[in-house]
Structures are given as structure tokens and as C-alpha cells.
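Trainee: I have a model open and some contacts to go through. Can we take them one at a time?

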Amino acid sequence: MASVDNVKHIALDMDGTIYLGGALFPSTIPFLDTLDDLGIEFSFITNNNSRSRAAYASRLRSMGIHIAPKQVYTSAHATIHYLQETWPDVKRLFVVGTSDLKAEFTDAGFACVDDEPEAVVVGFDTAIDYDRLSRTAYWISQSLPYIATHPDRVCPTDQPIVLPDCGAFCALLESATGRQPDAIPGKPNALMLQGVQQAGGLSPHEIAVVGDRLYTDVRMARDAGALAVLTLTGETTEDDLSAEPPHRRPDLVITGLDSLAEQLQRSHAQRKASKFV
């Protein structure tokens, strides 16, 4: 049975894990308080890069979760890391995305340009228009490095609407240009955890990833060598879990964050007691 004994950091997905739509789960803040009590650090990871990490931190603070922006990692940060490692000479980017997304690249030392780019980055753009799509297709057709920040085809919402996401844009662009992205650094890519590892000086086995999706959160954790924890508070159902091949199942399955808090507290108490035996 998988154990939480080695966990020093918990990387939490957001929608479906700590809240649903705009409402926090009742167990979320007590869970985070438990982590503080046990000395376990935590961060939040999301593929949705339409907001900056500062904007996410502000939104979470409005819900009663007081964190620093550096505790938020989006697929933008995985993409920045990928570019810095794989294309170190690339500095001029044609970016499909919101002003917040472009600001993340600018803060990392890149220039977001419309002319003479050195690479194309497609993210989640909530205000994209036909002209922008046409220009994106043109630059992709020029054989520039082409990176999609994440593979999600739709963005989760509790409203009666479908929100086409980065993966849907890429499907359209593939139809127009014949090209798929050269890389997709966001979940389930293990690159999403590198920022967490580097910031905390952590080994993968010291990190637990908690999320509600088998094909992103759980797959990323398993590929990275972290503890994969699936919560049944979001997208994945017990039927979905039963249909999953054994080698792709999570290490732990919880019904909510309160269940994980109990396991962490029990592990901490057992380790503390063992010191006096």
C-alpha cells in the first residue's frame, strides 16, 4: 500500500480538488491548516494559464487561502522552463494568450512580438479573434519552433457554455497548417513539477500530487515519480477508476481532502511515537 510517510510537499490541482466552480470545498481550509501544523509545504498547479500566478494568488486569498504568488505554478511556467532549457537562444515569441500570460513570459525575459518571432507559443486565449488565428497559422507554417502550453481541449466551467482551450486551438491550427506542436510542457508532462522540485530542493518521491483527473494529474505524478493521489471530488468517478489499467491507477484514492489529512496526521503521529520506542 502506498504511503504518505515521505511527503514533504503537496502539489494541489485546483478546480475539482480544492473548489468546484467558485465554491471552496468545506475541507479545503482545514486541510491546509493541517499541512501548516505538520510542517508540510504546499503549492497549486494548473494548466489554465489565462491568469498570472499573482492573479491566482489574489483569487485564492479572496476565498480565504493566503498564499504567495510563488506558490502557484501554471503551464506557462513549465513552458518557460522548457524554452530556457531547449531553445536558450530564443527570446522573441509570438504568443497566443491573455495579457496575463504574455506578462509571465515578459517577466521571464522574453519579448512577446507580432513580427519576426523566433518561436510560436499557443496558450489559453479568452479573447482570440480570426485575425490572430490567421497570423498564428502563418508563423507556424514558417517552420518556427511551435509549443503549446497544455493539451486541454476545453476549460472546466460550471456555466452552460463550452470554453475551447489550448488543445482545441491546436486542433484548428493543425488542420490549417499540417503541424502539431513540437512540445506540450503542461500537465501531464512531468515538467510541470520541476518548478516545485527546484524551489524546495525536493526529490520526486517527497512530493504528493493531488488532483481529480486520471489523464493529467495522476499521469503526471506517476511519470515524475511522485505520489499520485486521486480525489473523487471532481471529474473522475469510481467507474472511471475501475476502467483504468492497473499500471495507470493512482497510488492513493481519497474521497476528499479531509481523508488525506487524516492519513498525514496518522503517519506523523506514528513517526513521532517511534522515536520514543
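Predicted model: local features only at pLDDT ≥ 70, side-chain atom pairs only at ≥ 80, totals over all residues.

Trainee: Which helix does D217 lie in?

Mentor: D217 is in helix α8, residues 214–224.

Trainee: Is D217 buried or exposed?

Mentor: Buried. The relative accessible area of D217 is 1%, and the cut-off for buried is under 20%.

Trainee: What lies 3.2 Å from a polar atom of the D217 side chain?

Mentor: The backbone nitrogen of D212. D212 is also among the residues that D217 touches.

Trainee: And how far is D217 from R271?

Mentor: Their C-alpha atoms are separated by 28 Å, and the two residues are 54 apart along the chain.

Trainee: Change of topic: rings. How many aromatic pairs does the structure hold?

Mentor: There are 3 aromatic pairs. One of them is F105 with F110, an edge-to-face pair with 6.2 Å centre to centre and 80° between the planes.

Trainee: Are F105 and F110 buried or exposed?

Mentor: Both F105 and F110 are buried.

Trainee: What about Y138 and W139, and why is that pair called what it is?

Mentor: The ring centres of Y138 and W139 are 5.0 Å apart and the planes are at 65°, so the pair is edge-to-face. The cut-off there is over 60 degrees.

Trainee: How do Y138 and W139 count, buried or partly exposed?

Mentor: Y138 has 44% relative accessibility and counts as partly exposed. W139, at 14%, counts as buried.

Trainee: Left-handed or right-handed?

Mentor: The crossing of α3 and α4 is right-handed.

Trainee: Which residues in α3 and α4 meet?

Mentor: From α3, A76, H77, T79, I80 and L83; from α4, L101, E104 and F105. So F105 does two things here: F105 is one of the α4 residues meeting α3, and F105 pairs with F110.

Conventions. Residues numbered from 1 in each chain as written. Heavy atoms only, no water. Phe/Tyr/Trp six-rings, centres within 6.5 Å; stacked < 30°, edge-to-face > 60°. Buried < 20%, exposed > 50% of the residue type's maximum accessible area, 1.4 Å probe, protein only. Helix = DSSP H or I, 4+ residues; strand = E, 2+ residues; numbered from the N terminus. Contact = heavy atoms within 4.5 Å. Polar contact = N/O pair within 3.5 Å; in protein donor to acceptor, adjacent residues only side chain to side chain. Left-handed = near helix turned anticlockwise from the far one by under 90°. Lists of a residue's contacts leave out its neighbours within four places in sequence.
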